[in-house]
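Here's a quick briefing to read alongside the model. Take a look at the structure first, then skim the notes below.

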Amino acid sequence: MGSTTSQASGRTFQATAVAIDAYSVVALDSSGTISANGDNATDLTIGSATEDIAASGYGNVQLFDGSGTSELLCGGNTIAIGDVVYTDGSGKIGTDSSNRSVGYALQASSADGDVIEVLTWFRGT
């Protein structure tokens, strides 16, 4: 995990009826609740959970519109420093460019469950 992570912009949201792991990429639905982001390019990816969030519970989300970086959960793809990373269908990040991009990797990863620092961006639908 990055030691210089900037958490410049955060907000509390309620989760859907499914729990969300810390560092998962999250999407906002039309009812205002969040879930682990899928790989659907139309999901409204808004940020990353900064803590484990219980099903239907409330938790903090570091929003991607703030400046700085986010610590994100990896799905097992080999990720090199500088790679563009994408949602992978389970709230994690990977290298499948057919999914929504979320930023540049500032650390490398090759194992499912690694948490790496990513320079994130917000790209709405």
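Asp-112 and Lys-92 pair up through their side chains in a salt bridge, with 2.8 Å from N to O. Keep in mind that this is a predicted model. The rest of the briefing covers that pair, the rings, a surface patch and the overall fold.

**More on the charged pair**

- The salt bridge count comes to one.
- Asp-112 sits in strand 10, while Lys-92 sits in the loop between strand 7 (84-87) and strand 8 (93-94), so the bridge ties together parts that are 20 residues apart in sequence.
- Are the two partners buried or exposed? Asp-112 counts as exposed, at 52% relative accessibility, but Lys-92 counts as buried, at 18%.
- As background, side chains of opposite charge can pair when their charged atoms come close.

**Rings**

- Searching the whole structure turns up one aromatic pair.
- That pair is Tyr-104 with Trp-121: the ring centres are 4.9 Å apart and the planes are at 85°, so it's edge-to-face, given that over 60 degrees is what that label takes.
- Tyr-104 belongs to strand 9 (residues 101-105) and Trp-121 to the segment after strand 10 (112-120), so this contact ties together parts that are 17 residues apart in sequence.
- Trp-121 is buried, with a relative accessible area of 16%, whereas Tyr-104 is partly exposed at 39%.
- Elsewhere, Arg-11 lies over the face of Phe-13, at 4.4 Å from the ring centre.

**Nonpolar surface patch**

- Tyr-104 turns up again here: together with Leu-106 and Leu-119, this residue forms a nonpolar patch on the surface, and the three have about 250 Å² of accessible area together.
- Leu-106 is in the loop between strand 9 and strand 10, and this leucine is partly exposed, with a relative accessible area of 38%.

**Overall picture**

- What is the protein built from?
- The protein has 125 residues, and 43% of them count as buried.
- If you take contacts between residues at least 6 apart in sequence, 54% join residues at least 24 apart.
- The accessible surface comes to about 5,700 Å², and carbon and sulfur atoms account for 46% of that.

Definitions and conventions. Residues numbered from 1 in each chain as written. Predicted model: local features only at pLDDT ≥ 70, side-chain atom pairs only at ≥ 80, totals over all residues. Heavy atoms only, no water. Phe/Tyr/Trp six-rings, centres within 6.5 Å; stacked < 30°, edge-to-face > 60°. Helix = DSSP H or I, 4+ residues; strand = E, 2+ residues; numbered from the N terminus. Buried < 20%, exposed > 50% of the residue type's maximum accessible area, 1.4 Å probe, protein only. Lys NZ or Arg CZ within 6 Å of the ring centre and 35° of its normal. Patch = residues over 30% accessible without salt bridge, like charges linked within 9 Å, V, L, I, M, F, W, Y side chains within 5 Å. Areas by Shrake-Rupley, 256 points an atom, 1.4 Å probe, with all protein chains shown as cover. Salt bridge = Lys/Arg side-chain N within 4 Å of Asp/Glu carboxyl O. Contact = heavy atoms within 4.5 Å.
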